[in-house]
Amino acid sequence: MFLLLISSSLTLSAQEDAYKTLTNPEVENSELYRDGNAYQRDFLLFADMLENTHPIFAETGRRHYDMDSLTRAGYQYLTGCESDDQLKQYLQSILSPLNDGHSSVMMDFDGKLYPFKYFADGDTAFYMIGISKDFSAELGHRVTTINGRPPREVIESFRPLMSCDNENFFMDNVNNYMQLKTAWDYNPYRRSDDMLEFQFDDGNTVLLPAVGQEELGQDDIEWFYPQKTNAPFKKSSKYFSYNIMPEKQLCYLRFSQCADRNTLRMFELFGQSHGMTEEQLAQVPDFGEFLQEMFSEMRRQGVKTLMVDVRYNGGGNSKLCSQLLSWLKPVDEMRETSSLIRVSKLWETQYPDLAKDYKEKFQKNGMAYRLGELYDPDFGEEEGEIEKKMSELFVMNQSRDSLFTGEVFFMLGKDTFSSAGMLITLAVDNGIGTIIGENSTFAPSDYGDILYWELPNTHTQGIISHKIFVRPDASKPYEDAIIPDIPLPETWEDFRDGIDPCWKWVLER
């Protein structure tokens with residue numbers, strides 16, 4: 001276990017030419033632009049890009065910025081800007097309220113970390129579970145103040161630095177940002193000596209210095225480890241596996257990653273290489289075959305309950321989620337996620353061939369093509385050649401007689417993301433099973449499909465969404481989280497004693 005989890009906004013891997021330099025003659029010829037400093041000029045281009053690219057500014061019924069007021073305030077604030085880092089943090093503070101975890105500014109990281117990690121019990125109690133070896137006596141103790149202030153107050157000050165789908169994501173990930181020394185540079189609670197001061201419920205105080213990442217070894221950090229666990233099945237590195245508990249007539253499906261052999265073959269459809277020989281590829285399991293085997297074994301053993309655990313599934317290929325659901329509800333009765341795309345100058349710059357194709361389809365269908373509008377990216381057209389090949393790779397269960405008709409439970413956790421989150425959303429909106437666990441850190445309808453941008457004067461880089469993914473239940477488009485039918489949040493006592501609350505509920509029911 002390594003202390004720091006760098007967010008996607010810090011480690012996004014992309015080719016340098018993926019970042020498109022922002023330009024707009026109307027903005028660049030304005031008096032404000034000509035009279036401004038480098039930071040103000042870049043801000044004007046950023047604000048113009050944001051308003052004309054992000055989907056939230058094209059949606060009806062959504063609250064969003066008064067861009068005129070924002071532009072005036074930002075331009076005035078940046079009169080006294082002293083560094084590129086200050087500009088980046090200010091731009092990020094504008095993106096943060098969008099509740100879009102995919103739109104962010106690329107922050108600089110100077111390699112220095114504060115080596116600590118806490119466990120949040122709700123949003124008011126914080127217990128130290130990882131810290132420099134010199135202070136290991138404080139492991140397991142509750143933090144009472146950070147730099148002399150209540151922990152929740154200090155934690156809240158990092159909200160402007162983070163792009164989050166919802167409050168749950170913020171609370172689960174803010175610890176990682178607080179470990180970065182650069183994240184404290186413009187923080188109101190920063191100490192003049194750059195130390196972090198923690199006070200604990202035992203009355204002790206710790207002054208924690210930032211340490212260079214290259215100097216920080218695994219042996220330099222002590223962790224709080226529970227002594228026992230009640231979970232009958234341990235975490236696995238396998239993409240997916242199952243265990244049947246005959247005494248409970250229950251099958252436990254551990255679905256850890258949305259990937260399989262056909263996911264790798266899918267790359268070939270798009271002219272990309274998966275980098276494996278046929279012999280190596282044959283060793284990767286096929287999720288469709290796996291499901292066939294699992295449900296057949298469930299029938300043989302008279303299983304009446306299926307428990308699907310996606311608490312540690314960060315996503316991948318959503319086709320696998322559709323395959324699983326096809327065993328739980330007829331495919332022709334499933335309500336699916338839809339999407340809308342916002343066309344813009346930045347989108348045209350990044351995808352010129354696709355933009356040309358769109359314009360031809362608009363003309364063919366007698367539609368007006370307008371920058372800034374939201375459109376259905378499929379145009380209601382029939383399945384294309386690639387889609388047909390995808391259907392051959394990812395075979396759905398078409399037999400109603402094979403559908404599992406017993407109880408279904410989905411375990412939802414803080415680390416359930418992306419396609420795994422889509423699985424939960426589809427299950428909820430299609431009335432499939434019962435959700436147990438923790439509130440989701442993803443929004444059931446969210447933004448995505450990023451575009452890369454760069455500002456010309458400071459070369460600040462970032463990403464921005466240009467699509468909306470809409471949940472099947474259109475009557476609830478703006479809910480920011482999935483709330484479990486049976487809430488089972490992990491408390492400090494659960495963590496301390498090695499108790500898995502989901503498994504405790506399963507084993508006691």
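**Notebook: rings and helices in a predicted model**

I started with Tyr-239, which is partly exposed because its relative accessible area is 31% (buried means under 20%, exposed over 50%, partly exposed in between, with a 1.4 Å probe and protein chains only). I kept in mind that this is a predicted model, where local features need pLDDT of at least 70, side-chain atom pairs count only at pLDDT 80 or more, and totals for chains, interfaces and linings use all residues. Residues are numbered from 1 along each chain as its sequence is written, and side-chain values use heavy atoms, with hydrogens and water left out.

**Entry 1: aromatic rings**

I looked up Phe-240 next and found it buried, because its relative accessibility is 6%. Then I checked for ring pairs (rings of Phe, Tyr and Trp, the last by its six-membered ring, with centres within 6.5 Å; planes under 30 degrees apart are stacked, over 60 edge-to-face and the rest tilted). I counted 33 aromatic pairs by this rule.

One of them is edge-to-face: Phe-158 and Trp-184, at 4.8 Å centre to centre and 75° between the planes. I saw that this pair links distant parts of the chain, 26 residues apart. Phe-158 sits in the loop between α7 (151-156) and α8 (167-178), and Trp-184 in the loop between α8 and β7 (196-200). Helices (H or I, at least four residues) and strands (E, at least two) are DSSP runs, numbered from the N terminus. Both Phe-158 and Trp-184 are buried.

Back at Tyr-239 and Phe-240, I read 6.4 Å between the ring centres and 50° between the planes, so this pair is tilted.

**Entry 2: helices α4 and α6**

Which way do α4 and α6 run relative to each other? I found that the axes of α4 (residues 38-53) and α6 (residues 84-95) come within 11 Å and cross at roughly 20°, with axes fitted to C-alpha atoms over the stretch in contact and angles running from 0 to 180 degrees between N-to-C directions. That makes α4 roughly parallel to α6 (under 35 degrees; over 145 is roughly antiparallel, 65 to 115 roughly perpendicular and the rest oblique).

I listed the contact residues (heavy atoms within 4.5 Å): α4 gives Tyr-39, Asp-42, Phe-43, Phe-46 and Leu-50, while α6 gives Asp-84, Leu-87, Tyr-90, Leu-91, Ile-94 and Leu-95.

**Entry 3: helices α12 and α16**

Last, I noted that α12 (residues 318-325) packs on α16 (residues 418-429) at about 30°, with the axes 8 Å apart. These two are therefore roughly parallel as well.
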